[in-house]
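I opened the notebook today to look up a few local features one by one.

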Amino acid sequence: MSYIPDPNQVFPNEYKTSCFIKNVVKAPNIIIGDYTYYDDAKDSTGFEKNNVLFNYPEFGDHLIIGKLCAIASGTRFIMGLANHRISSVTTYPFHVFGGVWQENTPPHMEQLHRKGDTVIGNDVWIGRECVIMPGVKIGDGAIVAACSIVTGDIPPYTVFGGNPARFIKQRFDEELTSLLLQFRWWELAPEALVKALPMLCDPDLEKVKQQIKARLTSKE
């Protein structure tokens, strides 16, 4: 029997290597959209424990991941509390070890450089063993090559890779990129998404452009 996959399931298929991670993450500062999955043959449900590092919600930063993202095995998100003080001649965190070191240094968390929330857009593909540093913004439809270290923002519908991750190419021409960002197909209701799947998976991009234009016009 045909069915629409349920975004509230932990495992979307029988293999159980991919996990819809919004259903297993508990930290209040981690927000994940429907159908975004983490793939790991060893422990796909352990995403929060194994792949979000130095996460302490009281620090105030958030990890926000959009809908329908594909996150490959070993990808790690470094949260802001991993930072050290960089405004002085030493980066060593004396304060956290107590005693006279604590008495003679400012409170540790007040010394840290805050980079803000880490925000991953929708339909983003992050390859194996990537590291996403604090405060990074990755746009809708972007691809991050395997083993990349992302230290800066990545625009929508681009491909980045390397250490540090650098621009490799635009995925599509400017017109199709603009149309996709207007269409925002990841916001479609489940039944409407099913109807759009043939278009979304069609390699004839000129045909796709015309179909998106027609859909956008019909909404006006």
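My entries on the ground rules, a lysine, salt bridges, a pocket and a sheet follow.

**Ground rules**

I am working with a predicted model, where local features need pLDDT of at least 70, side-chain atom pairs count only at pLDDT 80 or more, and totals for chains, interfaces and linings use all residues. Residues are numbered from 1 along each chain as its sequence is written, and side-chain values use heavy atoms, with hydrogens and water left out.

**Entry: K209**

I started with K209, which sits in helix α6, residues 205-219. I take helices (H or I, at least four residues) and strands (E, at least two) as DSSP runs, numbered from the N terminus. Is K209 buried or exposed? I found K209 buried, at a relative accessible area of 4%. For the record, buried means under 20% relative accessible area, exposed over 50%, and partly exposed in between, with a 1.4 Å probe and protein chains only.

Next I looked up its contacts (heavy atoms within 4.5 Å). Leaving aside residues up to four places away in sequence, K209 touches D173, E175, L176 and L179.

**Entry: salt bridges**

I count a salt bridge when a side-chain nitrogen of Lys or Arg is within 4 Å of a carboxyl oxygen of Asp or Glu. How many does the structure hold? The total is eight salt bridges.

One of them joins E206 to K209, with the closest N and O atoms 3.1 Å apart. Both residues lie in helix α6, three residues apart, about one turn of the helix. E206 is partly exposed at 48% relative accessibility, whereas K209 is buried.

D202 and K207 meet through their side chains at 3.4 Å, N to O; D202 is buried at 16% relative accessibility, and K207 is partly exposed at 41%. R184 and E187 form a salt bridge at 2.8 Å, N to O. Here R184 is partly exposed at 30%, and E187 is partly exposed at 48%.

**Entry: the largest pocket**

I searched a 1 Å grid over the protein atoms alone; a pocket is an open set of points where a 1.4 Å probe fits, with protein on both sides within 12 Å along at least five of seven lines, and lining residues have an atom within 4 Å of a point. The largest pocket holds about 780 Å³ of space, its volume being the space filled by probe spheres set on the points, which are joined across faces, edges and corners. Of the 29 lining residues, L68, D123, W185, L200 and C201 are the closest to the centre.

Which helix gives the largest share of the lining? That is α5, with six residues. Helices α4 (174-183), α5 (190-200) and α6 each supply at least two.

By class, the lining has 26 nonpolar residues, no polar ones and three charged. Nonpolar covers Ala, Val, Leu, Ile, Met, Phe, Trp, Tyr, Cys and Pro; charged covers Asp, Glu, Lys and Arg; the others, Gly among them, are polar.

**Entry: the sheet**

Last, I traced an open sheet of four strands with parallel pairing, in the order β4-β7-β10-β13. β4 (52-53) and β13 (149-150) are the edge strands, each with a single partner, so one side of each has no neighbour in the sheet.

Two strands pair if DSSP finds at least two bridges between them. β4 and β7 (residues 76-78) pair in the parallel sense over two bridges, and V52 has F77 in β7 as its bridge partner.
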